[in-house]
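Me: I would like to go through the labels used for this structure and ask what each one rests on. Please set each value against its cut-off.

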Amino acid sequence: MTSEAIAHQLQVLTTAVLALVNQAGKRLTRAEVCERQAIHRNTLMRRLQTDLTFPRPGPDGKWALADVVAWELKNEGKN
């Protein structure tokens with residue numbers, strides 16, 4: 001399998017995972033986001049203030065899992 005084929009398959013898999021997460025509609029609490037990111041709640045608040053690309057909580061105060069996963073995929077290895 002060529003590296004182009006592998007990259008394509010990885011993109012297909014990523015798209016499928018995001019579609020599943022979107023369909024499930026799971027919402028994360030502040031504690032769950034912190035646990036998932038392995039950060040303290042103060043770090044989460046700082047990230048929300050400084051990183052405009054980080055997903056924002058909805059009116060219910062919870063984050064859409066799909067948004068968090070998409071952000072993680074875009075920022076893999078940066079944080």
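Me: Why is glutamate 32 called partly exposed?
Reply: Its relative accessible area is 31%. Buried means under 20%, exposed over 50%, and partly exposed in between, with a 1.4 Å probe and protein chains only. The value for glutamate 32 falls in between, so the residue is partly exposed. The model is predicted: local features need pLDDT of at least 70 and side-chain atom pairs pLDDT 80 or more, while totals for chains, interfaces and linings use all residues. Residues are numbered from 1 along each chain as its sequence is written, and side-chain values use heavy atoms, with hydrogens and water left out.

Me: What makes the contact of glutamate 32 with lysine 26 a salt bridge?
Reply: The closest N and O atoms are 3.6 Å apart. A salt bridge requires a side-chain nitrogen of Lys or Arg within 4 Å of a carboxyl oxygen of Asp or Glu, so this pair qualifies. Lysine 26 has 39% relative accessibility and therefore also counts as partly exposed.

Me: How many salt bridges does a search of the whole structure find?
Reply: The search finds three. Another of them joins aspartate 60 to arginine 27, with the closest N and O atoms 2.8 Å apart. Aspartate 60 lies in the loop between α3 and β2 (63–64) and arginine 27 in strand β1 (residues 27–28), so the pair ties together parts 33 residues apart in sequence. Aspartate 60, at 45%, is partly exposed, and arginine 27, at 29%, is partly exposed as well.

Me: Which parts of the chain does the pair of arginine 36 and glutamate 72 link?
Reply: This salt bridge has its closest N and O atoms 2.9 Å apart. Arginine 36 is in helix α2 and glutamate 72 in helix α4 (residues 65–74), 36 residues apart. Arginine 36 has a relative accessible area of 41%, so it is partly exposed.

Me: Why is α2 called roughly perpendicular to α3?
Reply: The axes of α2 (residues 30–37) and α3 (residues 41–50) come within 9 Å and cross at roughly 95°. Angles under 35 degrees count as roughly parallel, over 145 as roughly antiparallel, 65 to 115 as roughly perpendicular and the rest as oblique, so α2 is roughly perpendicular to α3. The axes are lines fitted to C-alpha atoms over the stretch in contact, and angles run from 0 to 180 degrees between N-to-C directions. Arg30, Val33, Cys34 and Gln37 in α2 meet Arg41, Leu44, Met45 and Arg47 in α3, where contact means heavy atoms within 4.5 Å.

Me: Is alanine 38 buried or exposed?
Reply: At 70% relative accessible area, alanine 38 is exposed. This residue sits in the loop between α2 and α3 and has a positive phi of about 55° although it is not a glycine.

Me: How much of the protein counts as buried?
Reply: Of the 79 residues, 27% count as buried.

Technical notes: Helix = DSSP H or I, 4+ residues; strand = E, 2+ residues; numbered from the N terminus.
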